Amino acid sequence: MKNIFTNLRGNLFGGITAGIVALPLALAFGVQSGLGPSAGLYGAIMIGFFASLFGGTNTQISGPTAPMTAVSMVVIAGIVAANNGSIEQAIPYILLVFLLAGLFQICLGLIGLGKYIKYIPYPVVSGFMTAIGVIILITQVLPVLGYYSKTDSDLIVQYTPQAEEVLLDKILKEEAEEGILVIKDFEETLARAKMITSDDINQEAQILATGSGSGVLGSIKSIPRAIENIKWLEVGLAFATIFIIFGFKRITTKVPSTLVALVLVSLSAYFLKWDYIPIENIPSGFPGLNLDMFTNFKFGEISPYIFTALTLSFLGAIDSLLTSVVADNMTKTRHNPNQELIGQGIGNSVASLFGGLPGAGATIRTVVNINSGGTTKLSGMIASIVLLIITLAMAPIASQIPAAVLAGILITVGIGVMDYKGLKAIPNMPRSETLIMIVVLLLSVFWDLVYAVGIGLVLAALVFMKKIGDSTASRSKIVPLQNADELSLPWIDEVELPKALKEEVFIKRLAGPLFFGNTSDFQELATQIPTTATHLIIRMGKVSYIDQSGLYAMEELLLRLNKEDVKVLFVGLMEQPRVLMENIDIIPDLIPKRRIFPKFKEALIYIDNNIEDVA
């Protein structure tokens, strides 16, 4: 904390730039969640400030993210449905779930679970991230077409009979709670029913109509009606936004293209007086505390959502720590995973008290902060202050932003968040890992994000255990001592390594499978290699299995070493790792076949013959 105010100029520019980049995303994620743009803004302000202040990654910018918003959207929809479709009734329970998620994150950090978050296999992450992109794209089709089920008068009329049933059911539940028996006092029920007005019925029908168009399945079912009622102005605004976001990046990346699109399209629509649909009103002034969640609190009513809150906390932890790794690689620093979870938990807890969305470390905003000069926690705090100033001073102006513009921004987010690397690798990956990714993807999109990840983890664990069991069984054999080669008695052949090579040649011994559980440790290899190194021998004789996570970790290491002009040699490369490396062209693009040897001595001969290349 004592160094937080160093590099004031860099942190100021980094924070201001990151805050500006965060503005359109915060508004868009708020709208996507169903709680409105203000929820996104308040979440970005509170999480960004407190996660930076108390977190364990100096340059991290936090706020609502695509994965966290997608899961929050599911949570919100479920709770609203459980409260008769009334978001006003559901808000206290929604914010309480967000609060619990933040408190769970604090607990995860306090008990030291941050270092275990890395045990998430790549296919599960890949399927989940691609599902997030698909969900965003599908749910934004209706806003792009300018269709909102809550304003479709014909649809509302169709839900009128059901609305009457819902209102009558509410009366019966109220009488049951008061101990009134309908059979004995039917006149009381009729008296209450007569008090229902046409406005009450219309309001309930509107709630039901809104619910019918929410979520992935609701959006798909509503597309035909949306096409019938298409608003071409909204379509034009959305596509103009998308075009500017992707097109402006080709001109320059110094100015955020998302912000450029937001400003240009919104100003054009406003000053040309087009009849567009604006976003919901953003309250001006400092965000107020929302403490309704603590009034008439009953544990029985919130207990069904505890698992959901726990899952939300784990997702935020994974999202944040992945971004922390990106920040570490860019700044050559090392984050504190447990402290980062504590900071994220505090940020999410505070955000829930002000009605904000939960969030996590945001990769793009963090990268922007670092590239703009941010080096300490002050930059993240400044980014939040920038958003707060905008909220206080420009809320009425921001409320005039066309809803289609934010839909266009979300379309680009959905396109960008999908894991194209994992999708392209499907033909070359083992069927089991491809199956896990597809199962997580489909279950996330069409069923439940939370359960999809859980099922994916279970499947990945089962596949991994089978692979390791099969691998261990195939290598279990008894070898007579006189027939033992250097793979049966490893490392003994390194004793006679020539002294002339010891300062330039380094050896990495891998003694076991390279999989999602040990990729982080493997990646630390690059930090252990001195600058005097010209050659690195990686002994692969005991690596009988490598999964997709390990494969990409190896690829990243080789790319990094190639940039540093360190020649890498493989010794004892086994069949399964070799096949995967050839499938994605690690061999021969990064490791030429001439630098792959079955025996360690052959590698030494190669280095001895080629050492003059680096002399």
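Visitor: Is the crossing of α5 and α19 left-handed or right-handed?
Guide: In this predicted model, α5 and α19 cross in a left-handed manner.

Visitor: And at what angle do α5 and α19 pack?
Guide: Helix α5, which covers residues 122-139, packs against helix α19, residues 403-417, at an angle of about 160 degrees, and their axes are 7 Å apart. Because angles over 145 degrees count as roughly antiparallel, α5 is roughly antiparallel to α19.

Visitor: Which residues in α5 and α19 meet?
Guide: From α5 there are Met129, Ile132, Gly133, Ile136 and Leu137, and these meet Leu410, Ile411, Val413, Gly414, Ile415 and Val417 in α19. By class, the residues of this contact divide into 9 nonpolar and 2 polar, with no charged ones.

Visitor: Now the loop between α5 and α6: is Gln140 buried or exposed?
Guide: Gln140, which lies in that loop, has 5% relative accessibility and therefore counts as buried.

Visitor: What does Gln140 touch, leaving out residues up to four places away in sequence?
Guide: With those left out, Gln140 touches Gln32, Ala407, Leu410 and Ile411. Leu410 and Ile411 also belong to the α19 side of the contact with α5. As for Gly414, its C-alpha is 9.4 Å from that of Gln140, although the two residues are 274 apart in sequence.

Visitor: Changing topic, how many residues has α15, and what does it reach from its first C-alpha to its last?
Guide: Helix α15 runs over residues 306-331, which is 26 residues, and reaches 37 Å, close to the 38 Å expected at 1.5 Å a residue.

Technical notes:
Residues are numbered from 1 along each chain as its sequence is written. This is a predicted model: local features need pLDDT of at least 70, side-chain atom pairs count only at pLDDT 80 or more; totals for chains, interfaces and linings use all residues. Side-chain values use heavy atoms; hydrogens and water are left out. Axes are lines fitted to C-alpha atoms, for helices over the stretch in contact, and angles run from 0 to 180 degrees between N-to-C directions. Helices (H or I, at least four residues) and strands (E, at least two) are DSSP runs, numbered from the N terminus. Angles under 35 degrees count as roughly parallel, over 145 as roughly antiparallel, 65 to 115 as roughly perpendicular and the rest as oblique. A crossing is left-handed if the near helix is turned anticlockwise from the far one by less than a right angle, and right-handed if clockwise. Contact means heavy atoms within 4.5 Å. Ala, Val, Leu, Ile, Met, Phe, Trp, Tyr, Cys and Pro count as nonpolar, Asp, Glu, Lys and Arg as charged, and the others, Gly among them, as polar. The expected span of a helix is 1.5 Å times one less than its number of residues. Buried means under 20% relative accessible area, exposed over 50%, partly exposed in between (1.4 Å probe, protein chains only).
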